[in-house]
Amino acid sequence: MKTAWIRALTLSLGSAATALAGCASEADEPNARVGLAAETALPARRGSVIVDGCVVDTWQRATLASPAARKVLREVVLLCGVPRDDGVVGPRDASSRAALAKVVSDLQSEGYRVHLGLAFTDETGQRYNGAQTARLLSDGAKRGTIVKTARELAAPFDGVEVDLQGLPDEAREDVTALVSALSADLRPAKSLAVFVPPSVSVPSDLPGGEAFSRGALAAQVDRLRVMTLDYSDRAPGPTIDPGWAVDAARLALAATPNVDVAYPLYGTDFGPRGTRAITYLEARAVAALGGLTVERGPTGAPFVRYTAFGAEPHVLWFDDAESTTRALGAWTYDALPREVGVVFYGLGAEDPALFDALAARTP
Amino acid sequence: MVFASAALSPAVARADLDLQLAASGGTAYMRSTPSFTTDELSTSARDIAQGTSIGGAGSMTLLGSTLDVIMTFRSGLLVPLGGLGVYLPVGSYGRVITSADGSIAELRPWSAYRVDVPLPGIGYRVNRRRYTFGGSVRTGVAWMRMSGSIAAGGESEAMRPTRSGFVLQAELEVCRRFDPTTRGCIQLAPRVIDLGGPLNGGLLSLRVEWGI
């Protein structure tokens with residue numbers, strides 16, 4: 001009798017364990033109590049933002065005036081100066097310079113340090129012509145003109161930042177020479193930074209990546225801004241992969257601790273005719289108008305598939321407050337040292353909730 | 001299977017045996033799961049080094065069973081020798097979004113399993129009529145695995161991170177003797193040191209002990 005009872009107890013124990021074990025299931029929503037979905041504090045980092053142009057529109061100005069943005073951001077870079085073919089850095093008109101000085105003054109009164117970005121684009125102000133820029137930089141006299149006129153244009157600014165893109169590897173010495181000349185002319189009265197491509201290996205894995213000698217440049221500038229943007233430049237995908245950005249920052253950190261990683265505020269529309277930069281609101285509007293579902297990729301970046309005019313298939317990848325806080329949360333001090341800053345690229349294209357979300361989680 | 005084989009084995013009834021086989025089934029609670037480490041992993045975005053840490057997955061309830069061998073002395077001294085336990089999660093769990101060396105990673109707690117290897121400990125047991133009250137301190141090692149993935153741009157790469165570590169637990173039990181060598185027990189075992197940190201939950205289980 002007892003033996004039977006014991007066997008029954010044992011068997012029921014085993015059966016219950018077998019039946020119940022392995023019955024775990026997936027909940028509909030991610031766990032919001034742990035990990036990056038939890039509303040925990042983000043690693044504190046020096047924040048900057050890049051405005052793509054000389055004008056700070058009313059939307060951007062309102063954003064920068066908000067307490068949230070002022071808590072998160074310290075510097076505003078106006079990507080505004082454009083060297084012409086003769087080396088003179090524009091805008092040249094007195095009225096343009098006066099308007100620019102007013103913008104700088106207004107932003108400084110909000111508590112920001114304001115830097116002049118020198119974008120080596122062609123006259124369109126949009127297209128980086130690497131071959132043309134390389135020719136310009138190879139001429140010592142024109143480099144001197146760039147330095148002289150940049151100094152004049154930068155008078156109301158707190159610093160200067162150099163944005164060179166699409167250069168051939170052979171431009172390496174000329175890039176270093178330009179940055180050295182700017183450094184000698186501007187520092188220490190003004191700070192100097194240079195945008196460097198997001199190479200992750202030596203020699204560089206990127207076309208033109210060898211045009212930048214990080215070691216030589218680091219000695220001449222206050223910060224290296226690693227342009228960890230446009231990760232998916234052909235096939236549809238997110239504008240940044242946070243892990244890839246860590247690797248790119250580490251390569252720069254081998255040269256100097258004064259490094260920033262870039263985080264995109266804009267998105268990209270991938271279509272059969274190429275790519276196009278888009279804003280958060282544009283992406284959301286496409287989704288809302290088409291009644292489309294906004295999905296999230298593995299990094300957390302949202303994307304929308306839609307069919308455009310002529311039945312063209314498109315995919316919009318962009319970032320929002322959730323994907324951005326997720327990425328910044330992933331950049332723990334183990335992955336990126338405390339000294340590494342974040343430079344947000346493309347003010348005005350962001351999720352309107354972004355800076356509130358960042359400020360709420362910034363210690 | 002452990003329970004079935006134990007239950008169907010011939011009951012060897014002999015009083016005051018020195019060696020006992022125990023089978024238990026019950027619930028384990030982990031207040032926090034540990035951070036895991038991954039094998040070397042190559043994604044389209046980057047290479048992840050072996051041993052890269054991946055954040056924990058929060059609290060978890062598991063169910064499973066343990067087979068154990070215990071040596072007892074007539075003085076009441078109790079020496080658990082060793083055993084093996086396997087535990088699987090129960091309940092509903094959300095994906096855990098976490099990071100691995102700056103990359104976005106995901107853990108799936110519902111896919112976890114935990115293997116415990118209880119090692120020797122020491123304790124004391126007293127008999128009061130048909131009831132036995134005992135307590136012991138027990139060492140052990142545990143190993144846990146969970147499936148997940150790591151993001152690489154628009155793709156993700158599967159991974160199976162693991163974690164192993166030392167376990168120290170106190171075991172308290174109340175048993176009723178069914179015959180001279182067989183007991184049924186309720187056991188409570190708070191884990192003093194566990195994979196997820198100190199005082200990280202414990203076990204509540206029903207247990208049957210046989211003399212061998």
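Colleague: Which residue in β10(B) does A100(B) stand opposite?
Modeller: A100(B) stands opposite S103(B). Keep in mind that this is a predicted model.

Colleague: How many bridges join β9(B) to β10(B), and how do the strands run?
Modeller: Five bridges join them, and the strands run antiparallel. β9(B) covers residues 96-100 and β10(B) covers residues 103-128.

Colleague: What about the turn: which residue takes a positive phi in that hairpin?
Modeller: D101(B) does, with phi near 50°. The hairpin has two residues between the strands.

Colleague: Is β9(B) covered or open?
Modeller: Mostly covered. Five of its five residues are buried. V96(B), T98(B) and A100(B) point one way, while I97(B) and S99(B) point the other way.

Colleague: Switching to chain A. How many helices and strands are there?
Modeller: Chain A has 12 helices and 15 strands. Of its 363 residues, 47% count as buried. Its C-alpha atoms fill a box of roughly 105 × 45 × 40 Å along the principal axes.

Colleague: At what angle do α5(A) and α7(A) cross?
Modeller: Roughly 60°, with the axes coming within 9 Å. The two helices are therefore oblique to each other. Their crossing is left-handed.

Colleague: Which residues meet there?
Modeller: From α5(A), A134(A), L137(A) and S138(A). They meet D174(A), V175(A) and L178(A) of α7(A). By class, that contact has four nonpolar, one polar and one charged residues.

Key. Residues are numbered from 1 along each chain as its sequence is written. Chains are lettered from A and ligands numbered from 1 in the order in which they are written. This is a predicted model: local features need pLDDT of at least 70, side-chain atom pairs count only at pLDDT 80 or more; totals for chains, interfaces and linings use all residues. Axes are lines fitted to C-alpha atoms, for helices over the stretch in contact, and angles run from 0 to 180 degrees between N-to-C directions. Helices (H or I, at least four residues) and strands (E, at least two) are DSSP runs, numbered from the N terminus. Angles under 35 degrees count as roughly parallel, over 145 as roughly antiparallel, 65 to 115 as roughly perpendicular and the rest as oblique. A crossing is left-handed if the near helix is turned anticlockwise from the far one by less than a right angle, and right-handed if clockwise. Two residues are in contact if their C-beta atoms, placed from the backbone, lie within 7 Å. Ala, Val, Leu, Ile, Met, Phe, Trp, Tyr, Cys and Pro count as nonpolar, Asp, Glu, Lys and Arg as charged, and the others, Gly among them, as polar. A residue is buried if 20 or more other C-beta atoms lie within 10 Å of its own, exposed if 12 or fewer, and partly exposed in between; C-beta atoms are placed from the backbone. Two strands pair if DSSP finds at least two bridges between them.
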